[in-house]
Amino acid sequence: MYANIETPEVTDPHVQKLICFIDSDFELIKLKIEPEYFARELDCIGAVREKVKRDGGNIVFGWQIWKNDYLVEAEFHAVWKLLMEQN
């Protein structure tokens, strides 16, 4: 992909500008990544759908933010959310 790509800090002014551009109503948060054994790279939606089938919960759509020395980008992304009543 791109050299030195990383998850930037929320306070980064370039990230803030991108968030304004995509007009997100939600607060930026960093999530711990714990891929399942069946997850394939570049298939977050498929992996989360499979996780929901296996373990319940919901699919949550949002943006994964990346930054390097040359660009800041928002990649459409999906994550799994465990429903509280399932605990």
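Mentor: A residue is buried under 20% relative accessible area, exposed over 50% and partly exposed in between (1.4 Å probe, protein chains only). The model is predicted, so local features need pLDDT of at least 70 and side-chain atom pairs count only at pLDDT 80 or more, while totals for chains, interfaces and linings use all residues. Residues are numbered from 1 along each chain as its sequence is written, and side-chain values use heavy atoms, without hydrogens or water.

Trainee: Is Cys20 buried or exposed?

Mentor: The relative accessibility of Cys20 is 60%.

Trainee: In which class does Cys44 fall?

Mentor: Cys44 has a relative accessibility of 23%. Buried would need a value under 20%. Cys44 therefore counts as partly exposed.

Trainee: How many disulfides does a search of the whole structure find?

Mentor: A disulfide is a covalent bond between the sulfur atoms of two cysteines. The criterion is a pair of cysteine sulfur atoms within 2.5 Å. Searched over the whole structure, the number of disulfides is 0.

Trainee: In which sense do strand 1 and strand 2 pair?

Mentor: Strands are DSSP runs of E with at least two residues, numbered from the N terminus, and two of them pair if DSSP finds at least two bridges between them. Strand 1 and strand 2 form a hairpin with 4 residues between them. Asn58 stands opposite Lys81 in strand 2. Over 10 bridges, the sense of the pairing is antiparallel.

Trainee: How many aromatic pairs does the whole structure have?

Mentor: Rings of Phe, Tyr and Trp (its six-membered ring) pair if their centres lie within 6.5 Å; planes under 30 degrees apart count as stacked, over 60 as edge-to-face and the rest as tilted. By that test, the number of aromatic pairs found is 3.

Trainee: What kind of pair do Tyr37 and Phe38 form?

Mentor: Tyr37 is exposed, at a relative accessible area of 70%. The ring centres of Tyr37 and Phe38 are 5.3 Å apart and the planes stand at 85 degrees, so the pair is edge-to-face.

Trainee: What kind of pair do Phe61 and Phe76 form?

Mentor: Because Phe61 lies in strand 1 and Phe76 in strand 2, the pair ties together parts that are 15 residues apart in sequence. Phe61 is partly exposed at 42%, and Phe76 is partly exposed at 44%. With 5.5 Å centre to centre and 15 degrees between the planes, the pair is stacked.

Trainee: Which residue forms one aromatic cluster with Phe61 and Phe76?

Mentor: Phe61 and Phe76 are an aromatic pair. The residue that forms one cluster with Phe61 and Phe76 is Trp63.
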